[in-house]
Amino acid sequence: EEWLAREVLGRIERWHAAMTAIMAPLWLLLSLLSLVASRTEHAYTSRANKAGWKADEFEFVNPSELEDRYNVRVLNKEPLVVEFKNFVSQEEIDALIGLGERVMGPSTGGLSREVGSYRTSSTGWLIPAAMKANATASDIVYSLEDRIAEAVGISADNHEHFQVLRYEPGQYYHTHNDFIQEQIDLPCGPRVATFFLYLNDVEEGGATHFPKLNLKVQPSKGSGLLWYSVRRSDLAMDPLTDHEAQAVTKGIKWAANKWIHIDDFIHNWAKGMTG
């Protein structure tokens, strides 16, 4: 009996040693993966996280919860692209174009604000100085900003100033993503969503095209289009929402754009801390 007990104990010890040899590399691998995940979970730096925003504070809209207030249509489920029909009134369109026309200049790209052949439209930024030109129009635009904030569930403080866009025949914006990598280290955090307004019907061309989604949205006066620049799972940049403004082939295209950040843009912009 003593011999049998030693034999059983020996076999158990050998089995344990063998299993340890097998499992140790696996546990090491899992630990490394966990460490990597913890450091790249949201693809943002610790400096940005210390700036005050957290990924779990950001939520995507639930289209079904918007249906009682807006005329919405889901154009793509994942990543989410939502159309808001009849979102902008004629009064709001007139206010946006009236303010934007005063400050029109060549459209630029990125934090470097470079003018390039990849983007050939004109842009009028409705920064505070531009808004002072017409108090009545400004009040109308501020009210529209609040309505966009309510629709997307993200404070207007997190939105960049309106940019009013004009595309003339032959003008376009080649495929790009609205996410700017360099902003992950800034207090405002990166852009997470875009709310795009169509201010007129375009005779020909001018569609917003998402090539990786096989989705093309033709401008429809008064409509808004919401999409996200980040993935739902980890808030890293979502290449599936790469998009382009296709060339206008006949007529003029008027639009207005709201780029939305994960944290306060407006107050950080005033401090020169948005890049």
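In this predicted model, the loop between β2 and α4 holds N86, a residue that has a positive phi of about 55 degrees although it is not a glycine. N86 counts as exposed, because its relative accessibility is 61% and the cut-off for that class is over 50%. A positive phi of about 60 degrees is likewise found at L235, which is not a glycine either. The place of L235 is in the loop between β11 (224–228) and β12 (243–245), and at 4% relative accessibility L235 counts as buried.

The protein as a whole contains seven helices and 14 strands. Of its 275 residues, 47% are buried. When contacts between residues at least 6 apart in sequence are considered, 76% of them join residues at least 24 apart.

Eleven aromatic pairs are present in the structure. One of them is formed by Y70 and F87, whose rings are tilted, with 5.7 Å from centre to centre and 40 degrees between the planes. This pair links distant parts of the chain, since Y70 belongs to the loop between α3 (63–66) and β1 (71–76), whereas F87 belongs to the loop between β2 (81–85) and α4 (90–101), 17 residues apart. Both Y70 and F87 are buried. Another tilted pair is made by F84 and F195, with 5.1 Å from centre to centre and 55 degrees between the planes. Because F84 lies in strand β2 and F195 in strand β7 (residues 191–198), this pair ties together parts that are 111 residues apart in sequence. F84 is buried, with a relative accessible area of 0%, and F195 is buried with a relative accessible area of 0% as well. Ring pairs join Y70, F84, F87 and F195 into a cluster.

R147 lies over the face of F87, at 4.7 Å from the ring centre. Y70, for its part, is touched by E150, which also touches R69, when residues up to four places away in sequence are not counted. E150 lies in helix α6, and with a relative accessibility of 39% it counts as partly exposed, because that class covers values between 20% and 50%. Elsewhere, K258 lies over the face of F162, at 4.7 Å from the ring centre.

For α4 and helix α6 (residues 135–152), the angle is about 115 degrees and the axes are 9 Å apart. The crossing of these two helices, α4 and α6, is left-handed. On the side of α4, the contact is made by E91, E92, A95, L96 and L99, while α6 contributes A137, S138, I140, V141, L144 and R147. Sorted by class, the residues in the contact of α4 with α6 are seven nonpolar, one polar and three charged.

Methods
Residues are numbered from 1 along each chain as its sequence is written. This is a predicted model: local features need pLDDT of at least 70, side-chain atom pairs count only at pLDDT 80 or more; totals for chains, interfaces and linings use all residues. Side-chain values use heavy atoms; hydrogens and water are left out. Rings of Phe, Tyr and Trp (its six-membered ring) pair if their centres lie within 6.5 Å; planes under 30 degrees apart count as stacked, over 60 as edge-to-face and the rest as tilted. Helices (H or I, at least four residues) and strands (E, at least two) are DSSP runs, numbered from the N terminus. Buried means under 20% relative accessible area, exposed over 50%, partly exposed in between (1.4 Å probe, protein chains only). A charge sits over a ring if NZ of Lys or CZ of Arg is within 6 Å of the ring centre and within 35 degrees of the ring normal. Axes are lines fitted to C-alpha atoms, for helices over the stretch in contact, and angles run from 0 to 180 degrees between N-to-C directions. A crossing is left-handed if the near helix is turned anticlockwise from the far one by less than a right angle, and right-handed if clockwise. Contact means heavy atoms within 4.5 Å. Ala, Val, Leu, Ile, Met, Phe, Trp, Tyr, Cys and Pro count as nonpolar, Asp, Glu, Lys and Arg as charged, and the others, Gly among them, as polar.
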